[in-house]
Amino acid sequence: MKMNIMSWVFFIWIFLSVYAPGISSINDFHQAFPIVEPDPGHTRLRLSREGLEAIERITSPIAAVAVIGPYRSGKSFLLNQLLSLSCDEGFGVGHMRDTKTKGIWVWGTPIEVTVDGVKTSVLYLDTEGFESIGKSNVYDDRIFALATVMSSVLIYNLPETVREADISRLSFAVELAEEFYGRVKGQDVAFNPAKLLWLIQRDFLQGKSVQEMVNEALKRVPNQNDDKDLDQVNQIRESLAIMGDNSTAFSLPQPHLQRTKLCELNDADLDPGYVRKRDQLKEVVASIVRPKIVQGKMLNGKDFVAFLEKIIEALNKGEIPSTGSLVEVFNKKIVERCLKLYSERISLLKLPVSEASLRGAHEESRVAAMRAFDEQHFGRQHAKKSVDQLDEEIQKALNNIIISNEYQSTKLCETLYTTCEDKMDQLQVLRLPSMAKFNAGFLRCNESFQQQCVGPAKPSYENRMLKMLGKARSVFIKEYNNRLFNWLVGFSLVMVIVGRFIIKFFLIEIGAWIMFIFLETYTRMFWTAESLYYNPAWHVIVAMWETVVYSPILDLDRWAIPLCVVAAVFILYWRFFGRKKYGPRWLLPLYNSHRNSSNRQRTD
């Protein structure tokens, strides 16, 4: 029985491990959790699932307060003071030369506040200190960059004073401000800038306020020797001075002379001036904290984690973390949306189209896509790479459309060419040869081709069409006179038979004999075969023939057989029944019948 129970427990444990990874394994959130950890080489960052679970459960908008600064500068102790926590229950505090905090940690229980009528969960983040032993500068840059991007309030914790190295570290924050925060007011931005809080832990300011001290540190330093490093720091100073409305300064005295025993002391043991300034600092942080907004949307727990994953991807992309890589990641989705807009607009074209129309539609669609990108993109200086990427993707899409247009154009023009070729073949074998009908078919075929054949294949098919039509025309003209002459000779013989034996109109028979004799005897005696076709008399015959055979009203070639059948039926009916009923009342003289010849009077 026990074995069965153990088997079921083991099975359920396996099932939950495989199929229910989203179920939280954390029971107590009243503690600090790592959310970002260093890789084994301590150069790149990686996410910690444990800390992300603590954040994902939050459904209200999130605001993050991050503390950055040199290692062993009291960041963890400061966070515990802001959260009213002891060292035993809050962030770990170390007093050794190596840093206690690795990566970035978050306090699992957010502080609930109301900001502009919005219930907001404030997360407090502890970051690994700068310049600690066994780390690279690149790693420090990544930690600083990540804290700058993800926080709503960035507390720059500095002991004693503001050094030039401390200002240099803000270069990334300045780049972010210039790339992401300098957008047109009222439009979506990548994310709202973090409020920069200069926190100077110093007992005496020598008659200066902390804000004056910071302003003095941000003044441009004369650079008479054209030192490039100093010039770069001066540029950062100028940018930070311009961003003055987004930063504030605050001083905090030392809590106690015995810094190694701070965790053992309570508020009553701490310096009263420190306690008073600490409470003021809490109020300052509460007054400037705002929900984290990305592209116009307040982030809840799951959104914040997705945002964090995107930042980590960007910062780990290159050997050195750069604003450009961050800009590329944020612009990736925008590039995809703008490319989709281009594809949707240009897909409205019904292929095939002329190359000019395709180019015009491409330019209109491209301008619309670029305009949309310009309205939505992030970054100023570093956005060019995303622009080039969008332009490259648009060009690839255009190349595919050009290939498709060429295929569709070739397919359409080939169909029209084949149709015209078949039509020309049909006109070559008309039952009743007609130059007028051939010309009409020739023009219709050419006009339909010119109107319907469009696209890049049209010029080549136009040349083929002209050659084919010219050849068909020359062949038809060559055979036309011979066929017409032979047809008229045959027609004259048929009319001789009809007039003699069927209708018995001797005038029709005589006319048919005259026509036959003229065509077969006179023309051969006095004209050659070639000269006949240039004779005015022949032109008159041709004109009369064309008038009878083809006109816009009646196409005798099409109706020849039905008309002949009707005429034959009529003649046969009249031959056998009409004369008996109506008698021989003809307008034209007929041959006398044998029955009437017996009634004639005989003479001597």
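Trainee: In which helix do Glu393 and Lys396 both lie?

Mentor: Keep in mind that we are looking at a predicted model. Glu393 and Lys396 are 3 residues apart, about one turn of the helix. Their side chains meet in a salt bridge, with 3.8 Å from N to O. The helix that holds both residues is α13, residues 384-428.

Trainee: Is Lys396 buried, partly exposed or exposed?

Mentor: Buried means under 20% relative accessible area and exposed means over 50%, with partly exposed in between. Lys396 has 42% relative accessibility, so Lys396 counts as partly exposed.

Trainee: Which residues are linked with Arg278 in a network of salt bridges?

Mentor: Side chains of opposite charge can pair when their charged atoms come close. Here Arg278 and Asp279 meet in a salt bridge of 3.3 Å, N to O. Arg278 is buried at 6% relative accessibility, while Asp279 is partly exposed at 33%. The residues linked with Arg278 in the network are Asp267 and Asp279.

Trainee: How many residues apart are Asp116 and Arg290?

Mentor: These two residues form a salt bridge, and their closest N and O atoms are 3.7 Å apart. Asp116 is in the loop between β5 (111-115) and β6 (118-127), whereas Arg290 is in the loop between α9 (272-288) and β10 (293-294). The pair therefore links distant parts of the chain, with Asp116 exposed at 67% and Arg290 partly exposed at 36%.

Trainee: What value is phi of Asp116 near?

Mentor: Asp116 is a residue other than glycine, and its phi is positive. Ser84, in the loop between α3 (75-82) and β4 (104-107), also has a positive phi, near 60 degrees. For Asp116, phi is near 50 degrees.

Trainee: Why is the pair of Phe438 and Phe476 called stacked?

Mentor: A pair of aromatic rings is described by the distance of the centres and the angle of the planes. Rings pair if their centres lie within 6.5 Å, and planes under 30 degrees apart count as stacked. The centres of Phe438 and Phe476 are 4.2 Å apart, and the pair is stacked because the planes are at 10 degrees.

Trainee: Which helices hold Phe438 and Phe476?

Mentor: Both Phe438 and Phe476 are buried. They are 38 residues apart and link distant parts of the chain. Phe438 is in helix α14 (residues 435-452), and Phe476 is in helix α15 (residues 458-502).

Trainee: Which residue has its charged end over the ring of Phe442?

Mentor: You can find two examples of a charge over a ring. In one of them, Arg464 lies over the face of Tyr417, at 4.3 Å from the ring centre. In the other, the distance to the centre of the Phe442 ring is 5.0 Å, and the residue is Arg473.

Trainee: At roughly what angle do the axes of helix α2 and helix α10 cross?

Mentor: Two packed helices are described by the angle between their axes and the distance between the axes. Helix α2 (residues 49-56) and helix α10 (residues 301-315) have axes that come within 7 Å. Their contact includes Leu52 of α2 and Phe304 of α10, and its residues divide into 5 nonpolar, 1 polar and 2 charged. The axes cross at roughly 140 degrees.

Methods. Residues are numbered from 1 along each chain as its sequence is written. This is a predicted model: local features need pLDDT of at least 70, side-chain atom pairs count only at pLDDT 80 or more; totals for chains, interfaces and linings use all residues. Side-chain values use heavy atoms; hydrogens and water are left out. Axes are lines fitted to C-alpha atoms, for helices over the stretch in contact, and angles run from 0 to 180 degrees between N-to-C directions. Helices (H or I, at least four residues) and strands (E, at least two) are DSSP runs, numbered from the N terminus. Contact means heavy atoms within 4.5 Å. Ala, Val, Leu, Ile, Met, Phe, Trp, Tyr, Cys and Pro count as nonpolar, Asp, Glu, Lys and Arg as charged, and the others, Gly among them, as polar. Rings of Phe, Tyr and Trp (its six-membered ring) pair if their centres lie within 6.5 Å; planes under 30 degrees apart count as stacked, over 60 as edge-to-face and the rest as tilted. Buried means under 20% relative accessible area, exposed over 50%, partly exposed in between (1.4 Å probe, protein chains only). A charge sits over a ring if NZ of Lys or CZ of Arg is within 6 Å of the ring centre and within 35 degrees of the ring normal. A salt bridge is a side-chain nitrogen of Lys or Arg within 4 Å of a carboxyl oxygen of Asp or Glu.
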